[in-house]
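Thanks for asking me to look this over.

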Amino acid sequence: MSKTISVSRREFVAGASGLLLAGAVSAAEQPAAEPGSQLAMQGGEKAVKTAAGSGHRWGEAERQQLAQMLEQNSLFYWQGPQTKLLTERFQEFCPVKHVQTCSSGTAALHIAVAAAGIGPGDEVITSPVTDIGTVIGVIYQQAVPVFADLGAGTYNLDVADVERRITPKTKAIIAVHLTGNPCDLDALKALADRHKLVLIEDCAQAWGARSRGRPIGTVGHLACFSLQNSKHVTCGDGGVVGSSDERFGPSLQKFGDKGGNRVKWGGHEVFATNYRMSEPQAAVAAAQLTRLEAIAAKRAALGNLLTEKIADLPGLIPHQVHPEDRAVYWFYMFRMRPEAFRCNRSEFTRALLAEGASVSGGYIKVPLYGEAVFQNHGFFAGRWPVKEMGLTTMDFTKHQCPEAEAILATGIRTPIHEHMTEEYILDVAAAIRKVAQHYAA
């Protein structure tokens with residue numbers, strides 16, 4: 001296996017500078033096509049000759065943990081040994097004081113929003129390019145999601161646009177670490193503190209990521225993780241929410257367990273739903289966390305290697321990661337500048353597939369505000385009570401985030417997972433280079 005190469009600060013800056021100059025590079029100035037560069041779809045040899053790799057995501061560690069769980073008299077989460085172990089292992093990599101396991105990442109976010117005191121008419125600023133689970137809890141609390149635009153290569157919140165969208169009704173920011181790439185947390189936290197807002201980290205795709213060397217989930221006031229089947233670690237479905245803030249942390253258990261305080265029972269102190277995780281789920285998740293560091297480190301190395309190998313290509317925007325951060329690449333996405341190529345994204349993608357690279361166009365079909373349920377403001381039996389009561393004037397039919405829309409229109413996604421080899425990633429990079437050079441305008 002070849003040696004892993006990381007992206008240095010100098011290389012990152014040089015690559016970024018090259019991208020800014022890409023529009024000025026003429027066809028004559030672009031690198032000459034390499035020998036044997038005929039596209040596979042035109043009869044040439046495939047660039048990807050190495051298998052992507054595969055492996056089991058669970059095994060003896062999970063089997064042993066489940067065997068211990070079967071010796072228990074109860075599978076209920078409260079004071080359950082599996083939940084206790086999961087909590088302890090979670091705190092080893094995300095050292096927050098208060099932790100509540102729950103049924104999904106969506107549940108974790110709803111618990112966080114409820115614990116933060118978000119209520120009718122309050123505004124919560126977040127990303128328009130994310131799973132709808134990011135905002136389900138906001139809407140169920142009768143609050144109003146406000147979508148801010150994104151960075152062109154980070155796919156994370158543009159801090160300046162977040163600030164422009166703050167109003168007297170704004171109560172929180174949900175920072176989505178999309179694809180496992182940390183947001184600019186220092187800037188968002190400073191903004192939140194300046195405006196007395198709650199910063200919630202949506203870490204669903206970011207297990208093991210680090211922001212300026214700090215574990216993801218430890219900068220904001222609350223942190224939410226998903227254990228859904230596609231995530232870095234999983235128990236099929238599940239979630240974790242944590243906080244070290246004494247204003248919110250003690251409430252997490254109540255908002256995840258029907259409003260009751262199991263530490264000191266005093267009836268139902270708040271109104272909440274049932275988002276409990278069972279002991280079998282906790283057993284699998286606890287075992288999975290023993291694998292997390294290796295998974296995160298491998299994905300980070302592979303994604304960074306791909307960036308290094310395509311960063312100099314005119315017309316492409318590689319996945320932009322701050323050099324002091326660790327992105328864990330739930331997937332990798334690069335963008336093409338349409339004016340730089342003699343083809344559209346669909347043709348570019350088809351050419352990559354023919355070369356043997358597993359890619360797809362975009363991510364979600366439209367920004368969340370473009371989904372029918374938002375366009376119709378039809379969240380509750382086709383209605384939106386807070387709008388009918390005059391608590392918001394939000395009109396999602398007029399909402400716009402130009403960069404987010406451009407990202408979805410020009411992005412090309414390639415999988416990254418821990419079973420892949422560096423050789424495969426180098427082959428994928430060669431395929432991208434081959435196709436980019438062939439279609440260069």
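1. Let me start with F380, which is partly exposed at 21% relative accessibility. Please keep in mind throughout that this is a predicted model. The cut-off for buried is under 20%, so F380 at 21% counts as partly exposed.

2. The whole structure holds 21 aromatic pairs. One of them joins Y140 and F380 edge-to-face, with 5.5 Å between the centres and 85 degrees between the planes. Y140 sits in helix 5 (residues 133–140) and F380 in the loop between helix 12 (372–375) and helix 13 (385–388), so this pair ties together parts 240 residues apart in sequence. Y140 itself is exposed, at 53% relative accessibility.

3. Next, have a look at F147 and F396. Their ring centres are 6.0 Å apart and their planes meet at 55 degrees, so the pair is tilted. With F147 in strand 3 and F396 in the loop between helix 13 and helix 14 (402–410), the pair ties together parts that are 249 residues apart in sequence. Both F147 and F396 are buried. They also belong to one aromatic cluster, together with Y369, F374, F379 and W384.

4. Now for the salt bridges, which number 24. R214 and D186 form one of them, at 2.9 Å from N to O. R214 belongs to strand 7 (residues 214–215) and D186 to helix 7 (residues 185–194), so the bridge ties together parts 28 residues apart in sequence. R214 is partly exposed at 28% relative accessibility, and D186 is partly exposed at 38%.

5. R326 and E293 make another salt bridge, with their closest N and O atoms 3.0 Å apart. R326 is in the loop between strand 10 (316–317) and strand 11 (332–336), while E293 is in helix 10 (residues 292–310), so parts 33 residues apart in sequence are tied together. Are the two partners buried or exposed? R326 is buried, at 13%, whereas E293 is partly exposed, at 42%.

6. Two further charged groups deserve a glance. E388 and R383 meet in a salt bridge at 2.7 Å, N to O, and E388 is partly exposed at 48%. D161, R164 and R165 are linked in a network of salt bridges.

7. Finally, N156 lies in the loop between strand 3 (144–147) and helix 6 (159–164), yet N156 is buried, with a relative accessible area of 3%. Beyond its neighbours within four places in sequence, its contacts include D149, L150, V176, H177 and C183.

Terms used:
Residues numbered from 1 in each chain as written. Predicted model: local features only at pLDDT ≥ 70, side-chain atom pairs only at ≥ 80, totals over all residues. Heavy atoms only, no water. Salt bridge = Lys/Arg side-chain N within 4 Å of Asp/Glu carboxyl O. Helix = DSSP H or I, 4+ residues; strand = E, 2+ residues; numbered from the N terminus. Buried < 20%, exposed > 50% of the residue type's maximum accessible area, 1.4 Å probe, protein only. Contact = heavy atoms within 4.5 Å. Phe/Tyr/Trp six-rings, centres within 6.5 Å; stacked < 30°, edge-to-face > 60°.
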